[in-house]
Amino acid sequence: SSGINAEYGKLKSDLYDFLSCLAYNKKLIELDISGNAILNTGARKLAQSLSVNKTLRKLSFDNNQISLQGFKDLSAAISLNTTLQSLVYPYQDIGSSSRSHEIAAFMNKMTSIAEKNNSPDISGDDMLLQQQHLILNSSEHLQLDKAVVNLYDNLTKATGKKGDAFVKKKR
């Protein structure tokens, strides 16, 4: 089990490619992309990936300047996701919006779905098969591998630590 902490600008120019590639990732369980200013464009790419991702369990994405539309996109995607179990509440994005009540309602819906994914009543394999929308081909695997390598390289350059230092291993 592993996770990536790519908060506060560590992704830089590879951000949108990385968010798009999450759809095909089969190992990443925890992701923190807080403070990367992904805006609604990044929220849409994240939403597209979350709608088909089968491994991510925990997501933190606060302080990304996401507006109501971005939260709508994320909410729709998370309603299709059967594996995401924990969302760190994005207090900064919600608090800085003039439409904070509407955004909070979408966030509460997403949190409720994630909590439901924790329920043992869900037959994960059956639901995953029903919701499978994409067939992964070898070029998509290569694209994902390239994005992960680029992310590790950028994390190493930005922090002076090896990219592996940001991978959380669970026992």
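Tutor: Buried means under 20% relative accessible area, exposed means over 50%, and partly exposed lies in between (1.4 Å probe, protein chains only). This is a predicted model, where local features need pLDDT of at least 70, side-chain atom pairs count only at pLDDT 80 or more, and totals for chains, interfaces and linings use all residues. Residues are numbered from 1 along each chain as its sequence is written, and side-chain values use heavy atoms, with hydrogens and water left out.

Student: Why is F61 called buried?

Tutor: Its relative accessible area is 1%. The limit is under 20%, so F61 qualifies as buried.

Student: What makes F71 buried?

Tutor: F71 has a relative accessible area of 0%. That is under 20%, so the word applies.

Student: How many aromatic pairs are found in the whole structure?

Tutor: The search finds two aromatic pairs. Rings of Phe, Tyr and Trp (its six-membered ring) pair if their centres lie within 6.5 Å; planes under 30 degrees apart are stacked, over 60 edge-to-face, and the rest tilted.

Student: Why is the pair of F61 and F71 called tilted?

Tutor: The ring centres are 6.1 Å apart, within 6.5 Å, so F61 and F71 pair. F61 sits in the loop between β3 (58-60) and α3, while F71 is in helix α3, ten residues apart.

Student: What makes the rings of Y89 and Y91 a pair, and why is the pair called tilted?

Tutor: Their centres are 4.9 Å apart, within 6.5 Å, and their planes are at 50 degrees, so they form a tilted pair. Y89 has 22% relative accessibility, so it falls in the partly exposed range. Y91 reaches 61%, over 50%, so it is exposed.

Student: How do you know what counts as a helix or a strand?

Tutor: Both are DSSP runs, numbered from the N terminus: helices are H or I with at least four residues, strands are E with at least two. The chain has seven helices and four strands. They run β-α-β-α-β-α-β-α-α-α-α from the N terminus.

Student: What makes D73 and R44 a salt bridge?

Tutor: A salt bridge is a side-chain nitrogen of Lys or Arg within 4 Å of a carboxyl oxygen of Asp or Glu. The N to O distance here is 3.7 Å, so D73 and R44 pass. D73 lies in helix α3 and R44 in helix α2 (residues 39-50), so the bridge ties together parts 29 residues apart in sequence. Side chains of opposite charge can pair when their charged atoms come close.

Student: How many salt bridges does the structure hold?

Tutor: Two. E102 and R99 also meet in one, at 2.9 Å, N to O. That is within 4 Å, so the name holds.

Student: Why is E102 called partly exposed?

Tutor: E102 is at 37%, between 20% and 50%, so it is partly exposed. R99, at 41%, is partly exposed by the same rule.

Student: How do you know whether S75 is buried or exposed?

Tutor: S75 has a relative accessible area of 1%, under 20%, so it is buried. S75 is found in helix α3 (residues 68-78).

Student: Which residues is S75 in contact with, leaving aside its neighbours within four places in sequence?

Tutor: F106, K109 and M110. Contact means heavy atoms within 4.5 Å.

Student: How do you know what helix α5 should span?

Tutor: The expected span is 1.5 Å times one less than the number of residues. Helix α5 (residues 100-117) has 18 residues and should span 26 Å; its end C-alpha atoms are 25 Å apart, which agrees. Its buried residues include I103, M107 and M110. The buried residues of α5 pack against α3, β4 (86-88) and α4 (91-95).

Student: What is the phi of Q65?

Tutor: It is positive, about 55 degrees, although Q65 is not a glycine. Most residues other than glycine have a negative phi. Q65 lies in the loop between β3 and α3. At 53%, over 50%, Q65 is exposed.

Student: What about A37, and where is its place?

Tutor: A37 is in the loop between β2 (28-32) and α2. A37 has a positive phi of about 50 degrees and is not a glycine either. Its relative accessibility is 33%, between 20% and 50%, so A37 is partly exposed.
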